[in-house]
Amino acid sequence: MIFVTGGTGFIGSNIVATLNERGVTDIIILDSLGHESKWKNIAKRRFYDVVTPDRIESFLSTAPRAEAVFHMGAISSTTASDGDEILRTNFQLSARLWDWCARQRTPFIYASSAATYGDGSNGFTDDESAPALDKLRPLNLYGWSKHAFDRWALERVAAGIAPPQWAGLKFFNVYGPNESHKGDMQSLVAKNTAAVAAGETISLFRSHREDFRDGQQLRDFVYVADCVAVMMWLLEHKDVSGLFNLGTGKARSFLDLTLAIGAALNKNVDVRYVDMPLSIRDRYQYFTQADMSKLQRAGCNIPFHSLEGGVADYVLSYLTQSDPYR
């Protein structure tokens, strides 16, 4: 049995899909479907049960033993402002699951975030030492919640209270199928493919820093298939634990991303630049790039999609199909 929290969400539903492709159907999804189309993320999937958030506490008290817990469930909006809700969902539930896995001797693989690095002034190296973590200053409530749990987890490790395997994955800018329910938090690939196909003008943020040209703000864009491949590798290598970056290790611009959509569709792309909203201007990251050497040293050398290759697969295999869901 494998538990996947957030299993009806973006990364979680891709984990469930990959497990199904490997013949695994004894999966318990811990998540809510809501009232929109999120159910379509698991419409093709096989699983044992779905446990809604209001049932998680009672479920854990009688839950069967699990081979692993993939904890992807969280409030992932970088503009979230309800601190109490973020604390309950992103920190306290994570701690509850960690302690359950420690008692049950169950591997625990959870979603951290590159948002923990803040403006990047302290770099993007996944050093899990207390002094290195203490230097990080997340720019938003979401990033803080992930950083707070990373620090808590490492204190538990130091105290000898940890699952037999644990991995906190600092996801960078993930894109891929099953993200439509995220609304404004979808990747620009999901947001702009239909517009590029229709020949519409695409808006990108103007730069408000002299050292970056318009559209040249840089991100480490990583295809969700590669993220799941790393998690499957971890599932097979239970001797590997730690806090790890999960990106490609190569920053690319938003203009590159937009042009990759056009290349996949064989369309020229017309881009205009608009001012960045004042509400996010002082908290905006102009550069992110994962240092992937730590995961590579652990033995994980999975080849990742290039930006152009990942975008092309997403656009052609999903976004332009009548059924865009995985």
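Modeller: Helices (H or I, at least four residues) and strands (E, at least two) are DSSP runs, numbered from the N terminus. This is a predicted model, where local features need pLDDT of at least 70 and side-chain atom pairs pLDDT 80 or more, while totals for chains, interfaces and linings use all residues. Residues are numbered from 1 along each chain as its sequence is written, and side-chain values use heavy atoms, with hydrogens and water left out.

Biologist: Where does that put Lys182?

Modeller: Lys182 is in the loop between β7 (173-175) and α6 (188-197). UniProt, in an unreviewed entry, lists Tyr142 and Lys182 under "active site"; such annotations may be inferred rather than shown by experiment, feature names are shortened, and positions follow the numbering used here.

Biologist: What makes Tyr142 buried or exposed?

Modeller: Buried means under 20% relative accessible area, exposed over 50%, partly exposed in between (1.4 Å probe, protein chains only). Tyr142, in helix α5 (residues 141-158), comes out at 10%, so it's buried. Lys182 has 25%, so that one is partly exposed.

Biologist: Which residues is Tyr142 in contact with, leaving aside neighbours within four places in sequence?

Modeller: Contact means heavy atoms within 4.5 Å. On that basis Tyr142 is in contact with Ile75, Ser76, Ser77, Thr78, Asn90, Ser112, Ser113 and Ala115.

Biologist: Why does Ser77 count as buried?

Modeller: Its relative accessibility is 19%, so it falls under the cut-off. Ser77 sits in the loop between β4 (68-71) and α3, and Tyr142 and Met185 are its contacts beyond four places in sequence.

Biologist: On to the rings. Why is the pair of Trp98 and Phe149 called edge-to-face?

Modeller: Rings of Phe, Tyr and Trp (its six-membered ring) pair if their centres lie within 6.5 Å; planes under 30 degrees apart count as stacked, over 60 as edge-to-face and the rest as tilted. The whole structure has 21 aromatic pairs. For Trp98 and Phe149 the centres are 6.3 Å apart and the planes at 75°, so edge-to-face it is. Trp98 is in helix α3 (residues 83-104) and Phe149 in helix α5, so the pair ties together parts 51 residues apart in sequence. Both residues are buried, and both belong to a cluster linked by ring pairs, together with Phe91, Phe108, Tyr110, Trp152 and Trp166.

Biologist: What makes Phe124 and Phe287 an edge-to-face pair?

Modeller: Their centres are 5.9 Å apart, with 65° between the planes. Phe124 lies in the loop between β5 (108-113) and α4 (130-134), and Phe287 in the loop between α9 (278-281) and α10 (293-297), so parts 163 residues apart in sequence are tied together. At 7% Phe124 is buried, whereas Phe287, at 31%, is partly exposed.

Biologist: Why is Arg209 said to sit over the ring of Tyr286?

Modeller: A charge sits over a ring if NZ of Lys or CZ of Arg is within 6 Å of the ring centre and within 35 degrees of the ring normal. The charged end of Arg209 is 4.8 Å from the centre of the Tyr286 ring. Arg219 sits over the ring of Tyr284, at 4.9 Å.
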